[in-house]
Amino acid sequence: MDTVYLLITGFLSVVLINNLVLTKFLGICPYLGVSGRIDMAFGMGLAVTFVMTLSGTLTWLIDHMVLIPLGLEVTRYVCFILVIASAVQLVEMYLRKFFPPLYDSFGIFLPLITTNCAILGLCLFLNLWGIDSLLEAVVLSVGGGIGFTMAICIMAGIRENLRMVDVPESLQGAPITLITAGILSLAFMGFAGII
Amino acid sequence: MATDSDGQTCVYKNTLLAGLWRENPVLRLLLGMCPTLAVTAAVKPAFTMGMCVVFVLVCSNVMVSLMRDKLKPHLRILMFTLTIATFVTIADLLLKAFQPDMSAALGPYVPLIIVNCIIIARAEACASKNPILLSIVDALSMGAGFTVALCVLAGIREVLGTGKFFEIQVMPKAFVPWAALSMPVGAFLALGFLLGLVTLITKKRS
């Protein structure tokens, strides 16, 4: 029972309270770049969630089964980035084969998932928070991905409506998106007390 | 011959100045947003972060420039990333050894320099095509632009958010700190308005 409770609070914490985008500022590039349309934002979110789950789990395993027993922590960052790059390559090949329209609409943003800080960030946070069970690592990785998807979809929804609004000329584009993100992040601070 | 060397000097000067304003990585190209937002609650961590990025940028540009003739096109991004990851590990260990407080304060954002788009963008756009000296100048200019942008943002947030600058009290006692500016909200809002200001200045000038 305790484990289940721990997993649920961990999941809620990483989705709502410690949302990677809105409180840790990870994955801001796709957040500003792909949040123009809600369907693309959702697709991007799913791709990131998949890569994040895969690489979060794999890096945790590599960290605990190989690097720590062998005392090779110094090579941690190089190993992590290699795992992430391979996972992205896998997703790219899969999408190109089975969902060509989605693949085309992603364009440059798909290979850029490799340099999405949210993914490497989550792998590093798993290490920093001292997560010591595989199950917890998997749940937190999925939660991180879902949190990202949620944040980017909310933003895309707002931006679709923002198009009909008269924004001051110098604030158009990235500035107004950042200000909107600020207000969203303010709203998410309200979740801080729920656990 | 004289004109040729004049042209060379001009190229270097242009490259050196580009990073500070015209192609400022943060304010104009919107690269490296994560550290810009994450470490700018105070000036000291922002400056440390800027220095780490300069170090990694110079080292990786030199390395990439050295191996630019041997790169296979489809493997180049992987090579860039591995080079950068190696230098970031070095920077992280140096910071842990000599600035343990700052290392703890910056936390995972130091290893996250690996995925900082500025560094990979400069490796791709400059170092993989140009000789070493120009790559170093480019790295210094971009790094300086990044550091200055970070420090300006951090300055605004620290002075208004805590009433201090570089941990020294600058605002009068009666000043009520805008605590929100030290929180994640403040990062987004301050950067949003700063970018708006930069757009405004650019429009006025042209």
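Guide: In chain A, the mean position of the 7 positive charges and that of the 11 negative charges lie 8 Å apart. Lys and Arg count as positive and Asp and Glu as negative, while His and the chain ends are not counted. Each charge is placed at NZ of Lys, CZ of Arg, CG of Asp or CD of Glu.

This is a predicted model, in which local features need pLDDT of at least 70 and side-chain atom pairs count only at pLDDT 80 or more, whereas totals for chains, interfaces and linings use all residues. Residues are numbered from 1 along each chain as its sequence is written, chains are lettered from A and ligands numbered from 1 in the order in which they are written, and side-chain values use heavy atoms, with hydrogens and water left out.

Chain A contains eight helices and zero strands (DSSP runs numbered from the N terminus: H or I of at least four residues for helices, E of at least two for strands). Its pattern along the sequence is α-α-α-α-α-α-α-α. The radius of gyration of chain A is 17 Å, close to the 16 Å from the globule rule for 195 residues, so chain A is as compact as a globular protein of that length. That radius is taken over C-alpha atoms, and the rule is 2.2 Å times the number of residues to the power 0.38. The C-alpha trace of chain A spans about 60 × 45 × 30 Å along its principal axes.

Of the 195 residues in chain A, 51% are buried (under 20% relative accessible area, with a 1.4 Å probe and protein chains only). Among the contacts in chain A with a separation of 6 or more, 77% are between residues 24 or more positions apart; a contact means heavy atoms within 4.5 Å. The accessible surface of chain A is about 8,800 Å², and 71% of that belongs to carbon and sulfur atoms. Such areas come from the Shrake-Rupley method with a 1.4 Å probe; for residues, only the protein chains shown count as cover.

Now the partner. Chain B has eight helices and two strands, in the order α-α-α-α-α-α-α-β-β-α. Buried residues make up 49% of its 206 residues. The mean positions of the 17 positive and 10 negative charges of chain B are 7 Å apart.

How values were computed
Buried < 20%, exposed > 50% of the residue type's maximum accessible area, 1.4 Å probe, protein only.
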